[in-house]
Amino acid sequence: MSTSDPRFQFDEAAVAQAKSAVGAVVPDVATLTRMANEFFRAFPNQPVNTGDSSFAGADAPASYTSEIPVMEMRQPQFGAPAPSVPALPSVDKLPSEADIARLGGSGLPAGFPGEATSFTGTPTLSPLSVNAPSTPLLPSQAAIAQSAAPLASTSPFSLPLPDFDLPFPNFEASLPTIPPLAAPGTEGFAQESLSAFSPLYFLEGAGALSHPIVSASQPATQQSPQPAQGFAPSLLPNLALVNRQFDVTSIRKDFPILNEKVHGKPLVWLDNAATTQKPQVVIDRLSFFYEHENSNIHRAAHELAARATDAYEDARNQVAHFLNAPSSKEIVFVRGATEAINLVAQSWGRQHIGKDDEIVISWIEHHANIVPWQMLAAEKGARLRVIPVDDSGQILLDEYEKLLNSRTRLVSFTHVSNALGTITPVEQMVQMAHRYGARVLVDGAQAVSHMRVDVQQLDADFYVFSGHKVFAPTGIGVLYGKLDALDDSPPWQGGGNMIADVTFEKTLYQPPPFRFEAGTGNIADAVGLGAAIAYLDTIGMENITRHEHELLVYATRELLKIPGICIIGTAKEKTGVLSFVLEGYKTEDVGAALNREGIAVRSGHHCAQPTLRRFGQETTVRPSLALYNNYEDIDAMAATLRRLKQLHA
């Protein structure tokens, strides 16, 4: 396999002459290889691959089980059904790209392809580096340049392919080598590191990473999130983890359910948009609460009540910090995003929306952000107006502007579409609504587990999410509301815990947030939510965003290789949702076939029937990504879909 990179060009005669001149001084290649392997083995937890690293089959790369000398350049050959890994011309046994990515560039010549910036501590992994033995190697930039066949002639899309603006020339081309991340705060970080990604607006300014990568200029200032009061570090040691390099193999070990088998196959969980799995620290936190803290909260004088109250209110403080809310008084615990939206509709909405007023929603909403407003509009004689979307699933801002007027009282829309993965331009839409004096609610159920959310920056009046979508238990959720908006909202349920004083003549209510938490709340699961947030803080939302975006790029490419697949939802800015239909198959049959292989996806309308009907579909298959998914998960799904298509051919 040849290369046009001048760094790999050499004069064989000159090399032979040089070797002859110093042959008695310089060790032979075998000795150099052995010495290099011994050197690289000095890195903690960095096994050296030696032996043959060729792929085992077309469906998925095999694990590297034999050993190859670490000082050997190898490149995968893309495009063949069962690709092999031929060696490039040897240049005194240079390291492979996989080894370079894994070892963080230590000991490599300056400017070598795949070189990464060295940090204090754990060697840095490049964005698409080898996190698991079965991760395929990446093609060189030269290989990318050679693959320039236009997609238009080969795309299996049934609709014209929009401009994804993804970091490779076309979807049929080989997956590119994405440059490694520069050190946070160093020159070139924002430009060089982020230029490889799709221009997702939530990545703008992500150069100021505070965790988990330790900057060479800030080795001693990194602080681990502290456990909430009431935690027992001896029982819950993982809650005090220091910020760590993102390593999906390590992350997966935190989720015990991923060891489960379904139909004799390892579980592949790609149903994260429906619910996420729970890390061991959350499971342990719930157990600890019931073993050591269980009590009703507030007012009681005994020790367990104090412990439970502290744990519950600490969780509220953690949520406020997670969302960058100005005050924990703006955080209301509810059962989930659905209850939060209903709370706003029945409290603020009943108070402020009347006959002929208008409520604006979008065409890509979950039913939970449609039905409550329909009910309120029917009750009050108000009008519901709908923002259209384009063929990619993105909001049409010009049309949105036309819907806003002096009668607009509320705008309510999703941050991320659960059916399409579309990321809406929240800041811009909020600003536009506020110019007309309208309040804004943002449904963040599909956003908070994938990206950093700053409610002060977004400036929405209300923001809602569900705990079970962010690795916390079911039955707990959050309503964030600006204090003035909450103060302007009456209680929507009556009972204990939300009152200041009750007589038979009248009741005085607590201030927010307590006036909205009538009765005994879901105390333990609120504490579990706090533990889930603490866990995410140890990893870093920016790192989760990058990992999932890389998986989205890879998964999109792999699905588009399969004839007859049509992806529904192709917005330029989207998270890890891949709704699709497969020609010749009902979506439920595709879901059943994947389930037989242990692969969990969602098949159906996803509580988003208007969204799918906008694209001419009643149902889709919806794999969706989370921080613990890896390339092997994608490969397993793609292999099953290819076999299905071959059966129907």
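Let's start at Gly 540, the residue that follows helix H15, where phi is positive, near 100 degrees. Keep in mind, everyone, that this is a predicted model.

Now step back into H15 itself. How far apart should its ends be? At 1.5 Å a residue, the 17 residues of H15 should span 24 Å, and the end C-alpha atoms sit 25 Å apart, so the two agree. As for burial, 17 of the 17 residues in H15 are buried.

The largest one has 83 residues, and Leu 323 and Leu 529 have the most contacts inside it. Helix H15, residues 523–539, supplies the largest share of this core, with eleven residues. There is also a second, separate core of 28 residues, and among them are Ile 567, Leu 578, Phe 580 and Val 590.

Let me stay with Leu 323 for a moment. Which residues does Leu 323 touch once neighbours within four places in sequence are left aside? Its contacts are Ile 331, Val 448, Val 453, Asp 454, Val 455, Phe 465, Val 478 and Tyr 480.

My last stop is helix H19, which covers residues 631–648. H19 has 18 residues and reaches 26 Å from first C-alpha to last, close to the 26 Å expected.

Thanks, all, and happy browsing!

How values were computed
Residues are numbered from 1 along each chain as its sequence is written. This is a predicted model: local features need pLDDT of at least 70, side-chain atom pairs count only at pLDDT 80 or more; totals for chains, interfaces and linings use all residues. Side-chain values use heavy atoms; hydrogens and water are left out. Helices (H or I, at least four residues) and strands (E, at least two) are DSSP runs, numbered from the N terminus. The expected span of a helix is 1.5 Å times one less than its number of residues. A nonpolar core is a set of buried Ala, Val, Leu, Ile, Met, Phe, Trp, Tyr and Cys residues joined through side-chain atoms within 4.5 Å. Buried means under 20% relative accessible area, exposed over 50%, partly exposed in between (1.4 Å probe, protein chains only). Contact means heavy atoms within 4.5 Å.
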